[in-house]
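Hi,

Here is the structure I promised to pass on. Have a look at it first, and my notes follow below.

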Amino acid sequence: MAKGIKDKVAILGMGCSQFGERWDKGTSELLAEAFDEALKDAGIERKEIEAAWYGSCMDAVNVGNSAIPASVALRLDSIPFSRVENMCATGTEALRGAVYAVASGAVDIALAVGAEKLKDTGYGGLPPGFKGTFNDLWMPLGSAPAGFAQLAAGYRAKHGVSKEDLKRAIAHVSWKSHENGVLSPKAHLRKKVSMEQILNAPMIAEPLGLFDCCGVSDGAAAAIVTTPEIARALGRKDMVTIKAIQLSIGSGVESSTNQWDGSHVRTTRNAAKKAYEEAGITDPRKQLSLMEVHDCFSITELVTMEDLFVSKEGRATHDVLDGFYDRTGGGVPCQVDGGLKCFGHPIGATGLRMAYEVYNQLLGRAGERQLKDPSLGLTHNLGGVPYLGIAAISILGLHS
């Protein structure tokens, strides 16, 4: 049986650009902004990086299909440098490549970097990608808000939640993120929003109003990883290690059979089970210190609380309204930095941006939003739509 990667890889340094409408910078400059911070944090020279993975999803509106533009931007010469794409899980996919390279012993120090510059596209939502034959068959006329709004109908039907209670719960999800985002200097949106504003906002896809949807943004994030032994030799005392990284990708079972009731995301549950097993977590509700999850829409975050087995089946609405996931609620804080709701969703960067927040929280570097003594944090990405998608989970923790 595979032993997994728990504690085989340490994070030596991380960086994150300012997210937002970055009309002042191109993608290459955003990459350099995140990379320079990660390099300084790691305390190494760029020539010590032996391999790199670059996450970029919307290649046609960014910098092209290969890793050459990233290699040029970061001045990383003659090392293996790969571009990866896995829809909204792209940032975590880049991290997985770098972590697996170090864990395998193929290299000592590797880089994961992700970036996306979407404001230039002119789209209010994500621009259309090159989907290919199968996706055109599965999702011919779908939109992201409509696809995720269906989760609300499925969830209500299965658990008997009233329309009013679910609307109040998902409004609380968005309200919480805005409360936290104010404390994040690198967030795109740093403005508190009242519950009344959220509840009375224009409808996008019932029951998702304007404030239930995350926005488009520009940004980049980076991680430099190595072995714990090398990190220690380089003088790193407080160390964050990778406890688990798992992906689960759908095969169409949900939308082509009657095996799925539309109330949850099957791939998230599959990835969570594997990640907890790899990390040795038996009770995530008690053991996790914080979470950064894929709140592309507020209903997604609510359902994800059950898919990650933190809330019991049918109890996420109650936990959310009780403040269990609030930064100061006494439970498991979720979206401490404001999440996608406040950072937006530059696809290639998002998974690494989540890891950046968990990494800084674990090291006590999160400033005004710092949690008390966190020891274990989870990130979660969700690509595609609930009925055909990709879930990626990473778990980071302090190394004992």
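Which ring does the charged end of Arg353 sit over? It's the ring of Phe343, and the distance from its centre is 4.8 Å. Keep in mind that this is a predicted model. There is another case of this kind: Arg285 lies over the face of Phe324, 4.0 Å from the ring centre.

On to the ring pairs. I found three aromatic pairs in the structure. One of them brings Phe343 back: its ring centre is 5.2 Å from that of Phe19, and the planes stand at 80°, so this pair is edge-to-face. Phe19 sits in the loop between strand E1 (10-16) and helix H1 (27-42), while Phe343 belongs to helix H14 (residues 339-343), so the pair ties together parts that lie 324 residues apart in sequence. Both Phe19 and Phe343 are buried.

Another pair is Phe148 with Phe297, and this one is tilted, with 5.3 Å from centre to centre and 35° between the planes. Here too distant parts of the chain are linked: Phe148 is in helix H5 (residues 144-159), and Phe297 is in the loop between strand E9 (290-292) and helix H12 (298-307), 149 residues away. Phe148 and Phe297 are both buried.

Helix H12 deserves a look of its own. 10 of its 10 residues are buried, so the helix is largely enclosed by the rest of the structure. Just after H12, Phe309 takes a positive phi of about 65°.

Now the strands. Strand E10 (residues 376-385) has 10 of 10 residues buried, so it is largely enclosed by the rest of the structure as well. E9 and E10 run parallel and are joined by three bridges, and Met291 stands opposite Leu378 in E10. With strand E11 (residues 388-398), E10 runs antiparallel, and 10 bridges join the two. Thr379, for instance, has Ser394 in E11 as its bridge partner. E10 and E11 make a hairpin, with two residues between them.

Finally, the domains. The chain is divided into domain 1 (9-121 + 218-240) and domain 2 (144-215 + 244-398). Their centres, taken over C-alpha atoms, are separated by 24 Å. At the interface, 44 residues of domain 1 are in contact with 32 residues of domain 2. The area buried between domain 1 and domain 2 is about 3,100 Å², and carbon and sulfur atoms give 71% of that. On the domain 1 side, Phe19, Cys88 and Val240 lose the most area to domain 2, together 23% of what that side buries. That is the Phe19 of the edge-to-face pair with Phe343.

Cheers

Methods:
Residues numbered from 1 in each chain as written. Predicted model: local features only at pLDDT ≥ 70, side-chain atom pairs only at ≥ 80, totals over all residues. Heavy atoms only, no water. Phe/Tyr/Trp six-rings, centres within 6.5 Å; stacked < 30°, edge-to-face > 60°. Helix = DSSP H or I, 4+ residues; strand = E, 2+ residues; numbered from the N terminus. Buried < 20%, exposed > 50% of the residue type's maximum accessible area, 1.4 Å probe, protein only. Lys NZ or Arg CZ within 6 Å of the ring centre and 35° of its normal. Pairing = 2+ DSSP bridges. Domains from an automatic or database assignment. Contact = heavy atoms within 4.5 Å. Buried area = accessible area lost by both parts, 1.4 Å probe.
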